[in-house]
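Reader: I am new to this structure. Could you take me through it, beginning with the terms I shall need?

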Amino acid sequence: MIEHGAGDRDDSAPEPIGRESDGAAGRRDAQPLSGWLAIALVTGTSAAVLVLEILAGRLLAPYVGVSLETFTGIIGVILAGIALGAWAGGVLADRVDPRRLLAPLLILGGALAIATIPVVRLLGEASGSGGGPRILFLTTFGFLPSATVLSAVPPAVVKLQLRELATTGATVGSLSAWGTAGAIFGTFFTGYVLVASAAVTTLIISVGLVLVLAGIALQLAFGVRQRRELLASVVVVAVTTATAAGVGTPCETQTAYYCVSIVSDAELASGRTLVLDDLRHSYVDLDDPTHLEFWYVRRLVDAIDLWASSSDAAAQTTTPAEERAIDAVYLGGGALTLPRHVRATRPGSEQVVFEIDGDLVDLVVDRLGFVSGADIDVVIGDGRLLLRDLPNDSADVVIGDAFGGRAVPFHLTTRDFVDDIDAVLRDDGIYAVNVIDGGGEQFLRAHAATVSDVFAHVVVVRGPLAVRGRRGNSVIVASQRPLDAEALADRLRAEIADDQDETDQDETDQDETVNGDVLAADRLDDYLDGVRILTDDFAPVDQLLLRAG
C-alpha cells in the first residue's frame, strides 16, 4: 500500500480551473476580468459582427444587387467566420495568456472591419459579373476576416472567467446569453436606426475605430505598454482608414433600400438614368416626358394604349384613344417615367403610385425634375398593403414595376396578390407587369401561369434578350376581357431593336430584326404547360431566377 506523505499531492483532489502547474500559478490569466468588462467585450464584439453583416448587404449591392441569394451568401460566410473565430479563439486562449490576446484581437478586428470597404470596392469592380460565386467571393474576402477575428474574443473572455468547475455552466451560459443579446441589438439597431442615419462607409469606419480604440484602452489598462506594438497598431489603422475613405463609392447616395446613382446621358444632354444598386432602373428625359428609352416601358405603354382603344373605354368618351384619360395604379415608382408620360399624353388622368422608398422619391423630385400634383398621388409604403386601401373597381390599369434587385418581391407575384389586383381593376381593366428573368424563363413562366390562374386572358411579350436565351425584360399583360395580341405584335414589328435593354450592358450582338415575341392562345398554353403557380405559401422567386432552364 502506498501512503501519501505530507508533501505529496493527492491527484484525486479537485483543482480550481484557473490554476496552472509548473510555476504558472501567478500568471495574470489566473485573475478574471471584472464582470462588467467581460460582458462589455462579449456583447460589443458580437454586436459588431452583426452590424457588419447587415451593412454587408448595402456594401455589396452595387456589384451583385440585393436578393435572397445575396443575403444567403452573406449570412453563410459570417456564420463561417463566427464558427472559425470561436474555435481559433478557444485554442489560442489555451496556449496564450488571454489578457494578451484581447487587445490585439480588438485592434486587428477593427482594422479588418475598416478594410472591408476598399477590399469589396476594389474586388467588386474587378471581379466581373455573376451570381452566387461572385457574392461568395466578395463576402469571403471582404467580411470573413473581420468576423473571424472578432468572434475569437468571446472564448478568450470565457477562459478568463472560468474559475471553478461548479460554476462553469453558469459562466459560459451567462456570457453566451450576453453575446446573443449583443448580436440581437446590433441587428435591430443597424437595420432600424443606423442605416437611415449615416452612409454605409461612415458606419463601417466608425465601428472599426470604436473597436480599435477599445483595444488600445484595454492594452493600456492591462499594463501591456509595448510602444512598438501600439505605434504599429495606430499606423495600420490610420492607413486602413485613409484607404477606405479614399476609395470611391459607386453610389451618389444611400437610401434605406438602395445604392442610388443618377447618370447623365452622353448623347442626350437632358437624359438621365436612375441606377439602383447594380441595375439601370429608369430613364427620363428632363425636357421631354414622352421620351421612352427602355423597351419594357414602351411595352407597358402599349398595354395602356390597348385599354384605351378597347370598346368599353371608347364608349365612355369621344376623346381619341391616344388621348383618353385613365385611372392608373403603379406598384413601384422608380424615376416615375410612366406617370410623367401619362400626364403629358393623357390629360385628366388620375394616377396613384406606391413606392416603398421615400428617400428615393425625394431624390426624384430634387434631381430628376418630377413635379408633384393632384393628378399623381405618390404614396410611400409597400404596394401589397396599400393596394388593399383602394376601392374595388376603381382602376383602369395596374402597372407592376417593383423590384428588389433583379427580382420582383415575392409577395407581389402570388395568386393571392393577383386576386387583390383583379378586385381593384374594373371589368375591362388591364394588369401589366415588368419581369426580369434569365435564359431559362422559369420565373417568367411561373409568374405568367399565376396571372393566368386569375385573369381569363393573358399575353406574354418576351423581350429581345429573352428570345435569345439571355437575361432581360419581358412583360405580362392580363385582363378579364379579350386582348388584341396582334396589336401588341404589330407594335413590336414597328420598332427597331437596338439599345433597348437596361439590364445588359453588352448589347452589341443584338439582332435588330427581332424585337421580342408575343405569346397568346395556344402558344401561351404550351409555354405554361405544367408550370406550378405561385402562392403566399410557395413563391421561390429567387430560386426560379437562378435556374438556367
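Author: Two strands pair if DSSP finds at least two bridges between them. Helices (H or I, at least four residues) and strands (E, at least two) are DSSP runs, numbered from the N terminus. This is a predicted model, in which local features need pLDDT of at least 70 and side-chain atom pairs count only at pLDDT 80 or more, while totals for chains, interfaces and linings use all residues. Residues are numbered from 1 along each chain as its sequence is written, and side-chain values use heavy atoms, with hydrogens and water left out.

Reader: In which sense do strand E10 and E11 pair?

Author: Strand E10 (residues 457–462) pairs with E11 in the antiparallel sense, over six bridges. Within this pairing, Val459 has Val477 of E11 as its bridge partner.

Reader: Which strand do eight bridges join to E11?

Author: That is strand E9 (residues 425–437), which runs antiparallel to E11. Here Val435 has Ser474 in E11 as its bridge partner.

Reader: And how many residues of strand E11 are buried?

Author: Eight of the eight residues in strand E11 (residues 472–479) are buried, where buried means under 20% relative accessible area, exposed over 50% and partly exposed in between (1.4 Å probe, protein chains only).

Reader: Turning to charges, which side chain meets Arg346 in a salt bridge?

Author: Arg346 meets the side chain of Asp305, at 2.6 Å from N to O. A salt bridge is a side-chain nitrogen of Lys or Arg within 4 Å of a carboxyl oxygen of Asp or Glu. The pair links distant parts of the chain: Arg346 is in the loop between helix H11 (337–345) and strand E6 (350–355), and Asp305 is in helix H9 (residues 295–308), 41 residues apart.

Reader: Are Arg346 and Asp305 buried or exposed?

Author: Arg346 is buried, and Asp305 is buried as well.

Reader: What does Arg462 form with Glu441?

Author: Arg462 forms a salt bridge with Glu441, with the closest N and O atoms 2.7 Å apart. Arg462 lies in strand E10 and Glu441 in the loop between E9 and helix H15 (442–452), so the pair ties together parts that are 21 residues apart in sequence. Both Arg462 and Glu441 are buried.

Reader: How far apart are Arg415 and Asp419 in helix H14?

Author: They are four residues apart in helix H14 (residues 415–424), which means that about one helical turn separates Arg415 and Asp419. Their side chains meet in a salt bridge (2.6 Å, N to O). Arg415 counts as partly exposed because its relative accessibility is 26%.
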